[in-house]
Amino acid sequence: MSADFRADLLTSGLLVDSGVAGLYARSGTFEKVVRGLEDLVSSAGADQRAPVLHFPPVIPKVVLEQSGYPRSFPDLLGAVSVFEGDEELHRELLELLDQGQEWAGLLSSSQVTLSSAACHSLYGSLSGRLPAGGRRFEVFGHCFRNEPSLDPARMQAFRMHEFVYVGEPDGAVAHRDMWLERSADLLSSLGLPVETVVANDPFFGRAGRMLASNQRSEALKFEVVCPIQAGEPPTAVASSNYHVDHFGAAFAIESADGEVAHSACVGFGSERVTLALLATHGLEPARWSARVRDLLWP
Ligand SMILES: [Zn+2]
């Protein structure tokens, strides 16, 4: 593992810098690893018989509000602003552009925001009563987090691949526990030196610190972590979360017995797992061991 992994990724062309911290183009080779990984994760969850949903990078603003994200993570979210002015406002816009001044203040907020987690887009469609045993979904989504960083594993725009359960409490806990083990096994099988740790979400502010400490003491969130950058603490490449009744209450979802539904999700960070593979096995996937290549590209 190199001392400057980011520089190696850029030199090799696996990532192309956009000029904004944490925003990159990915090469065809990088994407081939992402696709292999997506297929491997999908086949690991084939027994779930979960319908597949691919979500766009934007989410209705009302759904983001319902999810509670703006209350708990205001510092990480992003909203989409659009131009809704007349020709006079356009002239103002042109002037600001010509003067090289900030112009986005002339825009209005739209009905969409950037998606923060792939599973947030799912819950709105599940309002009402679920069948006995709950429902499972496999979801893919683009996510945004406002945390510009030079750490290549902390991108502003990235993808998540999740398996979500919504239904009874014991079903949600079982889903979380089963996927914690299964995700750690899957990543170990790829030769990644992973560990499983109790974790918390980065809730904002003083009230957030209490939420984070409750999440830890109740062991609701686990992460599978892996070293990516030499000299830095290991990075979460997957996480397995029990949301209790948070989304069930927010989106009026009931389990078959009429109680507020509980939910759980496992999420794989597609870019982060790919970076962990590149850091562990080298920057040329064609030269990775036959064992790893056969798993990714059978
Ligand atoms: Zn999720």
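# Close-up views of a predicted model

**View 1. Helix α1 and the residue that follows it.** Just after α1, G13 has a positive phi of about 80 degrees. Helices here are DSSP runs of H or I with at least four residues, strands are DSSP runs of E with at least two, and both are numbered from the N terminus. The structure is a predicted model, in which local features need pLDDT of at least 70, side-chain atom pairs count only at pLDDT 80 or more, and totals for chains, interfaces and linings use all residues. Residues are numbered from 1 along each chain as its sequence is written, and side-chain values use heavy atoms, with hydrogens and water left out.

F5, R6 and L9 are the buried residues of α1. Buried means under 20% relative accessible area, exposed means over 50%, and partly exposed lies in between (1.4 Å probe, protein chains only). Seen down the axis of α1, the buried residues fall within an arc of 100 degrees, so they line one face of the helix. The arc is that of the directions from the helix axis to the C-beta atoms. An α-helix has 3.6 residues a turn, so residues three or four places apart point the same way. The buried residues of α1 pack against β1, β2 and α10; contact means heavy atoms within 4.5 Å.

**View 2. The salt bridge between R6 and D17.** In this pair the closest N and O atoms are 3.7 Å apart. A salt bridge is a side-chain nitrogen of Lys or Arg within 4 Å of a carboxyl oxygen of Asp or Glu. R6 is buried, at 16% relative accessible area, while D17 is partly exposed, at 39%. A search of the whole structure finds 10 salt bridges.

**View 3. The salt bridge between R26 and E271.** The side chains of R26 and E271 meet at 3.0 Å, N to O. This pair links distant parts of the chain, with R26 in strand β2 (residues 24-26) and E271 in helix α10 (residues 270-281), 245 residues apart. R26 is partly exposed, with a relative accessible area of 22%, whereas E271 is buried, with 2%. Salt bridges that share partners join R26, E31, R159 and E271 into one network.

**View 4. The salt bridge between K221 and D201.** Here the side chains meet at 3.0 Å, N to O. K221 is in strand β11 (residues 221-226) and D201 is in the loop between β10 (195-199) and α8 (205-217), so that distant parts of the chain, 20 residues apart, are linked. K221 is buried, at 7% relative accessible area.

View 5. C119 (SG), E162 (OE) and C265 (SG) are the protein donors, and they lie 2.1 to 2.3 Å from the zinc ion. Donors are N, O and S atoms within 2.8 Å of the metal (3.2 Å for Na, K and Ca); water is not among the atoms, so sites may look incomplete. The spacing of the donor residues in sequence is C-x42-E-x102-C. C119, in the loop between β6 (108-114) and α6, and C265, in strand β14 (residues 262-269), are 146 residues apart, and the pair links distant parts of the chain. C119 is buried, with a relative accessible area of 4%, and C265 is buried, also with 4%.

**View 6. S121 in helix α6.** The helix spans residues 120-123. S121 is buried, at 19% relative accessible area. Leaving aside residues up to four places away in sequence, S121 touches F55, I59 and S115.

View 7. R49 has a phi near 45 degrees, a positive value in a residue other than glycine. R49 sits in the loop between α2 (28-44) and β3 (52-55), and is exposed, with a relative accessible area of 75%. For A219, also a residue other than glycine, phi is positive and near 50 degrees. A219 is found in the loop between α8 and β11 and is partly exposed, at 23%.

**View 8. A nonpolar patch on the surface.** L94, L97 and W103 form this patch, with about 270 Å² of accessible area together. Patches are made of residues with over 30% relative accessible area and no salt bridge; like charges are joined within 9 Å, and nonpolar side chains (Val, Leu, Ile, Met, Phe, Trp, Tyr) within 5 Å. Accessible areas come from the Shrake-Rupley method with a 1.4 Å probe, and for residues only the protein chains shown count as cover. L94 is in helix α5 (residues 87-98) and is partly exposed, at 38% relative accessibility.
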